[in-house]
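Visitor: Please show me the sequence and the model, and then let me ask about the contacts.

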Amino acid sequence: GEVGHPRSTPKAEGFGGPRMSHFPGRGPPAPPSGLDDSGLDMRAIKQAGGKVLPGGDGVIIGGWKVRARNTRILGKDALEELEQRLGTSHLPEMVYGSTLELTHESTGVKLHFNAEDALREWLQEDLPPLKVAAAAVWERGHKARFGDEMPKASKTRKSDGGGGGGGGDRSDAWNDEEETDSYDWTFTTPYRGSVSVDVDGHVDGHVDGNPPPWTDTDRRVDRGLLMERDPILFFDELTLYESELDDNGLMSVTVKVRVMPRCWYVLMRHWMRVDGVLIRLRETRFFHRVHPAGGSSTSDSPCVVVRESARREETFEGLRMRGAPSEPGQYPDADEAASVLLAAGGPVEMEYHALTV
C-alpha cells in the first residue's frame, strides 16, 4: 500500500529533532507552535508582508515563491515511467514524487529538488559498490526480483567519494572474494539541487533560459540569523527516496525548508549507513537573506543564494579506533549521524558556492 508523508517539527539550526523517514514505527510529531497543519504561520506571514500560495503549499516572501509538494510513494505506473526515463529497472525501495521549488519571481530563476534528478546523478556518479558480504546477499536478492539487468551508468567512473576503503568491526563485514557488479547499491548521489529558468513572463534577466552558474565564494550561511527568534513563516520536509538496503542498513535523501521574515534556508541530506561497515553523510545547505517587502536587489546588494556542501564518510572500524560510537544503533537517523560525526571530528570535504540571480 501507499504510505503518506508525515510532517515534523523544526528545531535547532532550523531543523534538528524528529526523524524524517517513513520506515515502520516512526510516526509524525505534533506541528510546532505557531504553525498550522500545513506548516504555515498565517499571522506572521501577514506581518512580514508575505502571501500564502493559493494551494496552501507555500509562501511568497521578498520576491521569492517557495512551494513544497509532498506526495505518496510512487505507484507502479509512475515507477515504470521513471525507470524508462532513467534507463534502469533498479530503484530504491521507496521513491516519492515530492518536490521543493524556490522561484525568484522577477527573473524566473528556480532552485528545485526532486527524486528523478537525484537518481540521475546517482547513475552518473557511478561509485564503485561496497565490497561487503551484505552487498552480495542484497544483490542476489535484487537479481531474483528483477533479473540480471544492472543500472546503466556513465562510461566515465568518478573516483571521488567512493566507499571502498577501511575495514569493518564485524568479522564478516568485508569479503573481497565476493564479486559485485558495477552497481552502487547504496544509491549515493552527489545531487545538490537543480537550477533552471522559467522565462515566461520574466523580463528582468536570464531571458535566454540559461540559468546562472554556481561560483566559488567567500560568503557563508548566516547561522547567527538562523538562530534568531524570528517567527517561522513556513516549514516543510520532504523525502525524495529512501531504502532499508534489504535490512543491511538505512539510506535516505531528504530536503527541509524553513522560511523566516529575513531569510530562507534549505538543508538537503543524503545519509547512508551500512551496518558494521560504513556511514556516509552528504549535506548541502542553501541560504538567502530576503530583501525587505517590496524591495529588490541592487548592485550594492545583489540577490545571492549561498550554498555550503559538506561530505563526511567514516568506517565503523575507524570510529571505534578513535573512541567514537561504533554501533549501528547509535546512528538511527541522519540527525543523529550528523551530530555524532561532527563531534567525532573526522575528515570532512567542504565547498562554498554562490548563485547570483
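Guide: What follows is a set of questions on strands, rings and charged side chains.

Visitor: What kind of model is this, and from which number are residues counted along each chain?

Guide: This is a predicted model, in which local features need pLDDT of at least 70 and side-chain atom pairs count only at pLDDT 80 or more, while totals for chains, interfaces and linings use all residues. Side-chain values use heavy atoms, with hydrogens and water left out, and residues are numbered along each chain, as its sequence is written, from 1.

Visitor: Which residue in β5 is the bridge partner of Arg 69?

Guide: Strand β3 (residues 64–69) runs antiparallel to strand β5 (residues 99–104), and six bridges join them. For Arg 69, the partner in β5 is Thr 99.

Visitor: How many residues apart in sequence are the parts tied together by Trp 64 and Trp 264?

Guide: Rings of Phe, Tyr and Trp (its six-membered ring) pair if their centres lie within 6.5 Å; planes under 30 degrees apart count as stacked, over 60 as edge-to-face and the rest as tilted. The whole structure has five aromatic pairs. Trp 64 and Trp 264 form one that is edge-to-face, at 5.2 Å centre to centre and 70° between the planes. Trp 64 lies in strand β3 and Trp 264 in strand β11 (residues 263–274), so the separation of the parts they tie together is 200 residues.

Visitor: Are Trp 122 and Phe 187 buried or exposed?

Guide: Trp 122 and Phe 187 form a tilted aromatic pair, 4.8 Å centre to centre with 50° between the planes. Trp 122 lies in helix α3 (residues 115–125) and Phe 187 in the loop between α4 (133–146) and β7, so the pair ties together parts 65 residues apart in sequence. Buried means under 20% relative accessible area, exposed over 50% and partly exposed in between (1.4 Å probe, protein chains only). By that scale, Trp 122 and Phe 187 are buried.

Visitor: What distance separates the closest N and O atoms of Arg 289 and Asp 222?

Guide: A salt bridge is a side-chain nitrogen of Lys or Arg within 4 Å of a carboxyl oxygen of Asp or Glu, and the count comes to 20. Arg 289 is partly exposed, with a relative accessible area of 44%, and Asp 222 is partly exposed at 25%. In the salt bridge of Arg 289 with Asp 222, the closest N and O atoms are apart by 2.4 Å.

How values were computed:
Pairing = 2+ DSSP bridges. Helix = DSSP H or I, 4+ residues; strand = E, 2+ residues; numbered from the N terminus.
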